[in-house]
Each structure stands twice: as C-alpha cells, then as structure tokens.
Amino acid sequence: MYWKVQVLEKYVIKGGTALHGEVEISGAKNAAVAIIPAALMVDGVCCIENIPQISDTDMLLTILRDLGAKVRFLNKSTVEIDCTKVRYQDAPYELMRKIRASYYLIGAMLGRFGSAKTTMPGGCNFGVRPIDQHIKGMTALGADVSVKNGFVYADARDGKLHGARIYLDKVSVGATMNIILAAALAQGRTIIENAAREPHIVDLANFLNSMGADVRGAGTDTVKINGVDKLHGGSYAIIPDQIEAGTYMVAAAATGGEVLIKNVIPRHLECISAKLRETGTIVQEYEDSVLVKGASTLRRVNIKTLPYPGFPTDMQPPMGALLCLANGTSVITEGVYDNRFKYINELRKMGAEVQVDGRVAVIEGGRRLTGAPVQACDLRAGAAMVIAGMCAVGTTEVEDVHYIERGYENFVGKLRELGADIEIVNFSDDSDPSEKIVMIS
Ligand code: UD1
C-alpha cells in the first residue's frame, strides 16, 4: 500500500457557442451495470457489445476480474466475459462501495452461488436511497438477508432460491432488476408485481433470455420469471442510452443549436421529445436518430418526474438548466427522489432565480446565466452544469467531474466535436491538502 497525490480534473467551459453537428450515443449505462453482473450467472462465454466506456462499467468489470472472471475487450465497446471458473468469494469492497449498481451483485451472486456479501451501495447521493425492496424480494425468494456494519449478507436458506410472488411497495428499477437476476436461476416461478418498466429492464430480460433464461413481461408492471437450471453463453448488444441521448437533446435545445443524435431508439425518448417540443424546440424523429433544432426563444414548461414512461428523474437537472433560459415561470416537481435539487444552488451561482420547496422547484426563467466556478453535485447534476456553462456568458469551471465520468462516455470529446468550447484541466486543490492524497492498495 502507498500514498500518492490525486490529480483532480475540472471542465473549463467558455459559453456562447450553439452546438452543431452529429453525435453518436453509447450503450445504456443503467442496462450495462446490470448486464455485467448478470454475466456472473452465465456458465459459458458471453460477448457483450455496446458497453459504454465509463467509470461505472470499468469498476464492475474490475470486480468481475477480481472474482476470477476472464474479461477481454474485442474492441472499445465489445467485451467477452467468461465466468465459467468463478467460484464464490467476497467481492472487493473498496470498488463496490463506490457504485450504486454494486447491488446487482447481490441478485447475481445469490442466483449463481446461493450466497452474496456486498457493501451497501454507493453512487450519487440525492437523499436516502434505501434497498428495502431489494431485500424484501430476496427474502421472499428464500434468502436470509441482513445488513451489518455497511455490508449486506444474503444466503439462500436451503442453498437454492425458490420462486415467489413479490409485490413491490415502491416502483423501483433496481429492485425489479435485482429480483429478475436472482429469480432467473431460482427453482420455480417468480412473479414481480408493481415492477418498474424502464427500457433497461427490458434489456436485462432480453440479455438473460438470450442466454437461456425465461423472463416474460419485462416492460410491463408484471414480470414473470420461470427459473432455469443454468444459463449458457451467447452474444448480446446493449441498447442505446436514453439519458445520454436526452442530455444531448437538451444541450442542443438550450444552446439554440442543431444536432443529429444518432444510434438512439426514438420511442424511449418520447417523454423528453414531448417536453422539448413544448418549449418550442423542433424534434424530428427518424428510424434510429433524432434531429433537434433549438428555438430562438424557449417557452416555459412544467415537469413532473415519474417512473417510465413518465419524464425521467435523471433528465430533471439538465432540463432545470434549460428552463433557467426559457421565458416565464416553470415548475419542476420531483416525483422519484426526496432531495434532487442540490444542483440548484450551483445554478444560482450563475445567476439563476429558483425557489425550492421540498420536491418542487419554481424557476423564474429568461435570465442570462453568467459563468462561475461550480460543482458537479452528482452525475446528472454535473451534466446540467455543463449545459448551463455552454449557455452562459463568460467562463464556467465545473469541479468534481468524476461524477460525470461515471455515466457519460467521452463527454468532453463529444461536446467539442459539436463545437463546444470545453476542455479538461488538471488542478490541485490548495484549500484542503488531505483531499489530494489518496490511498492505493
Ligand atoms: C435507477 C438508476 C438511476 C435512476 C433511478 C430512477 C441505475 C444504476 N440507476 O436507480 O439512474 O435515477 O433508477 O429512474 O439504474 N427505493 C426505495 N426502496 C428500495 C429501492 C428504491 O424506497 O428498495 C426508492 C428510492 O429511494 C427512490 C425510488 O424508490 O426514491 C426509485 O428508486 P429506484 O428506481 O430503485 O432507483 P435505482 O434503481 O437506485
């Protein structure tokens, strides 16, 4: 073990350039972070295409390697994973606690080994993010689950999980996917009621089915899983990222540019397209692309975030940044998380006028934003600050960009291709030297 000085990075953005051109969307983060752990359950080699190159997928692949999987990149977005020889052992905790999606290791390891020990999940912090519905699901499948000292311990009572009927008290993407994972190799039939319906849930089900699982009804609120004895190897391509696409759509609209967003499934973007059209933005849909043309003046809109097919909570911060520029008063109601407006404080530093009361933000739009030093409070909040910076007068410096790199592949490179004046600058933070020292083990 040794110590080193951590090199910090920030994005420096000179505002005022409208985005123009074409951008290619990467594979969906929230599908990839479940499909990579799902590969643990496959008795054979699986080849996964369209893996986004982001730090969350890097960390999960490192965790699989640590558990004994053979992981080989065939090209930058295609990875071959062979978990045939993986035997049960504890997963590396330091990595697991950094990402929210490490909770999928509970379902995958329980399904394959009948046991799992993981850390409580990390990831973006927007209020309390409990995993009680995951635990309820695993318990119903016949696991003893306990949480002690920041770890989750799960063990199948008789060494194997058994199908069960599970009603989720809250529509949860993570709990739905985790239960699907665990149930895929359980004995008998599992029915999840009040399931989440996000596109990445369908993608996980399609991945598992292509490896021999029997998952039906994904994308509806009732998912039925008939457990199978084993999963075999195969090939699968992950769907394009709905939120990455939505972020570029909002960036094009906010900067008043014109961008063709390629490699998307327009149906997954309908809720975002509809709201952008209300602002006066033109959105044209093609087979696997959307063209976004910014309006000369943006109109106010109200937004309420909801589980799919509602307006995605992950698009709330980027839209919040855009609505600071729209004429009139917009109201955003956050319907998924208790505390997802921390980024508003950062927008205020740039001149935004916003009142927040609990889950409601009232934005007095039509203000000019001015460049300022701001922080990326979390992944999507970071994207919102970059959008605000591209629309502001002057220079914006966004710190804590490691959050952004958790979920956007080559964000700065793609924006530069579209004409944005943005660069990555290394810096050291003199105010708190202890934060610059990191432990390497
Ligand atoms: C996933 C996404 C995240 C997105 C969110 C909602 C991943 C890795 N992350 O997160 O980007 O913002 O869906 O679309 O896919 N809840 C409980 N108990 C639980 C589980 C959740 O009370 O056991 C609550 C949460 O606190 C939240 C709501 O349910 O208020 C929805 O959370 P959930 O859908 O589970 O989000 P994640 O799967 O964590």
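Student: How do the residues lining the second largest pocket divide into nonpolar, polar and charged?

Tutor: Keeping in mind that this is a predicted model, the lining splits into 20 nonpolar, 11 polar and 13 charged residues.

Student: And how much space lies in that second largest pocket?

Tutor: About 1000 Å³.

Student: Which lining residues are closest to its centre?

Tutor: Those are Arg 129, Val 173, Gly 174, Val 336 and Tyr 337, out of 44 residues that line the second largest pocket.

Student: Which helices each supply at least two residues of that lining?

Tutor: Helix H1 (29–38), helix H5 (132–140), H6, helix H8 (242–255) and helix H12 (379–391) each do.

Student: OK, switching to the packing. Which residues have the most contacts inside the largest nonpolar core?

Tutor: Ile 81, Phe 207 and Leu 208 do, in a core of 78 residues. Helix H6 (residues 173–184) turns up again here, giving the largest share of this core with eight residues.

Student: What is Phe 207 in contact with, leaving aside neighbours within four places in sequence?

Tutor: Phe 207 touches Ile 35, Ala 38, Ala 39, Val 42, Cys 46, Ile 48 and Tyr 236.

Student: Now rings. How many aromatic pairs does a search of the whole structure find?

Tutor: Seven. One of them is formed by Tyr 88 and Phe 113, with an edge-to-face arrangement at 5.7 Å centre to centre and 70° between the planes.

Student: Where in the chain do Tyr 88 and Phe 113 sit?

Tutor: Tyr 88 is in the loop between strand S6 (78–82) and helix H3 (93–96), while Phe 113 belongs to helix H4 (residues 104–113). They are 25 residues apart, so the pair links distant parts of the chain.

Student: Why does Tyr 88 count as partly exposed?

Tutor: Because its relative accessibility is 35%. Phe 113 also counts as partly exposed, at 21%, since the buried class needs under 20%.

Student: What sort of pair do Phe 151 and Tyr 153 form?

Tutor: A tilted one, 6.4 Å centre to centre with 55° between the planes. Phe 151 is partly exposed because its relative accessibility is 22%, and Tyr 153 is partly exposed at 28%.

Student: Which residues form one aromatic cluster with Tyr 93?

Tutor: Phe 151 and Tyr 153 do.

Key:
Residues are numbered from 1 along each chain as its sequence is written. This is a predicted model: local features need pLDDT of at least 70, side-chain atom pairs count only at pLDDT 80 or more; totals for chains, interfaces and linings use all residues. Side-chain values use heavy atoms; hydrogens and water are left out. A nonpolar core is a set of buried Ala, Val, Leu, Ile, Met, Phe, Trp, Tyr and Cys residues joined through side-chain atoms within 4.5 Å. Buried means under 20% relative accessible area, exposed over 50%, partly exposed in between (1.4 Å probe, protein chains only). Helices (H or I, at least four residues) and strands (E, at least two) are DSSP runs, numbered from the N terminus. Contact means heavy atoms within 4.5 Å. On a 1 Å grid over the protein atoms alone, a cavity is a set of points where a 1.4 Å probe fits but cannot get out, and a pocket is an open set with protein on both sides within 12 Å along at least five of seven lines; lining residues have an atom within 4 Å of a point. Grid points are joined across faces, edges and corners, and a volume is the space filled by probe spheres set on the points. Ala, Val, Leu, Ile, Met, Phe, Trp, Tyr, Cys and Pro count as nonpolar, Asp, Glu, Lys and Arg as charged, and the others, Gly among them, as polar. Rings of Phe, Tyr and Trp (its six-membered ring) pair if their centres lie within 6.5 Å; planes under 30 degrees apart count as stacked, over 60 as edge-to-face and the rest as tilted.
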